[in-house]
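This report looks at the inside of one protein model. Please have the sequence and the structure in view while reading.

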Amino acid sequence: MSSSYQAVPAREQINCRFCGGKLDHTFVDLGMSPLCQTHISPDQLNRYEYFYPLKAFVCSHCFLVQLDEYVPPQEIFTEYAYFSSYAESWVAHARQYVEMVVERFALTGQSAVLEIASNDGYLLQHFIERGIPARGIDPAANVAKVAIEKGIPTVVDFFGEKSASDYRKTYGGVDLLLGNNVLAHVPDINDFVKGMKVVLNPKGVITMEFPHLFRLMEQNQFDTIYHEHFSYLSFHAVEKIFATHGITLFDVDELKSHGGSIRIYGRHSENAELEICENVERIKAVERSAGLLDMETYHQFNTRVVETKRKILSFLIDAKNRGKTIVGYGAPGKGNTLLNYCGIRQDFLDYTVDRSPYKQGLYTPGTRIPIFAPEKINETKPDYLFILPWNLKKEIMAQMSFIKDWGGKFVVPIPEVAVFE
């Protein structure tokens, strides 16, 4: 039988993917972990998995928090296990965004919209319904196929300067360029932003949403760190990156999604018609006040993470010692970081469930916990439902409220362990 663990060593020195400075400050060290979306099929259970260092650094020059790149993005994203449409609250969030942006920037049937990392069409469908031409670009052929079947034109490719140039030659420039939770996923962030500059029309607008580093640190969201996320972004860092490539950020919204995100609005620096809004200075002041321009703030984060790990394990050990049954809900990327870092396997969670048929019948990477359909919960009636995608806790508690019929309770691990009846 092959070993189930094969480690890949870290390099001795890495440099900042934006400014090139030497990365010699650790933000958090989460040990060794497999890729979070490489779910294991039954015939792979006796085979080894590759584990990679999950250690985040912070650049002392530009304050970009980042991981080293151990696996080419082609190996991570060409076939992807995450389908956005299974999160109802996220689809509703996308609908609200479309309503807002159409009105604010007066988009019409003559406008051109492009979404980077468009996934299964969860967002672009709302533009199509309004008669606004929209296309997506996504590297995952299996996910893009679902969007195309919905009638959403999708280019299967990685976005960057070259693909943006090819897109512009084929389809023309775009008036709205958007991306949700993709900016953190690109290892070559300079090439990615250069591509935005290439494809955006002179009066066009860019919007990008991503988890806010400020909230990650404030809410102890260490589990949102995984190999598929190469960067962890503050407004200060992102503003520098975009400005370097001729894009000015003129507005920013704070959002509740994914535990606390921000949506940035960008334009060509040459386009002075869109004035810089007060929100820009306000969010920069928030980050300064929180210490995000002070290296000592980053050095303190690792200690908090270690304390949280102990509290999670203490709860699980106590519950099992009392004879309680615990099962998981969800098999998200963040959940797999938490499970592997804390060493949680079937000795604590009997199984987990997920609404995505793509994951059902598989096992979580590294920890090898079986994944079933949600109906399994009714069959076994566990005492505790351990919610791994805690950012969707309200939606999940509403869907699973029937566990109260047998006295079941919900457990949310982040920012600290909390039990809900």
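## Cysteines

In this predicted model, the sulfur of Cys 59 lies 3.5 Å from the closest cysteine sulfur, which belongs to Cys 19. That is too far for a bond, because a disulfide requires the two sulfur atoms to be within 2.5 Å. Cys 59 is buried, and its relative accessible area is 0%.

The structure as a whole holds zero disulfides.

## Nonpolar cores

The largest nonpolar core consists of 54 residues. Helix H11, residues 301–321, gives the most to this core, namely seven residues. Apart from this core lies another, of 42 residues, including Leu 64, Phe 210, Val 252 and Ile 262.

Which residues have the most contacts inside the largest core? They are Phe 27 and Ile 344. Leaving out residues up to four places away in sequence, Phe 27 touches, among others, Phe 57, Val 65, Leu 213, Leu 216, Tyr 298 and Phe 301.

## Cavities

There are two cavities of 30 Å³ or more in the structure. The largest cavity has a volume of about 90 Å³.

Residues lining the largest cavity include Asn 181, His 185, Leu 213, Leu 216, His 229 and Tyr 232. Helix H7 (213–218) and strand E10 (231–232) each supply at least two residues of this lining. By type, the lining has six nonpolar residues, six polar and no charged. Leu 213 and Leu 216 line the largest cavity and are also touched by Phe 27.

How values were computed. Residues are numbered from 1 along each chain as its sequence is written. This is a predicted model: local features need pLDDT of at least 70, side-chain atom pairs count only at pLDDT 80 or more; totals for chains, interfaces and linings use all residues. Side-chain values use heavy atoms; hydrogens and water are left out. A nonpolar core is a set of buried Ala, Val, Leu, Ile, Met, Phe, Trp, Tyr and Cys residues joined through side-chain atoms within 4.5 Å. Buried means under 20% relative accessible area, exposed over 50%, partly exposed in between (1.4 Å probe, protein chains only). Helices (H or I, at least four residues) and strands (E, at least two) are DSSP runs, numbered from the N terminus. Contact means heavy atoms within 4.5 Å. On a 1 Å grid over the protein atoms alone, a cavity is a set of points where a 1.4 Å probe fits but cannot get out, and a pocket is an open set with protein on both sides within 12 Å along at least five of seven lines; lining residues have an atom within 4 Å of a point. Grid points are joined across faces, edges and corners, and a volume is the space filled by probe spheres set on the points. Ala, Val, Leu, Ile, Met, Phe, Trp, Tyr, Cys and Pro count as nonpolar, Asp, Glu, Lys and Arg as charged, and the others, Gly among them, as polar.
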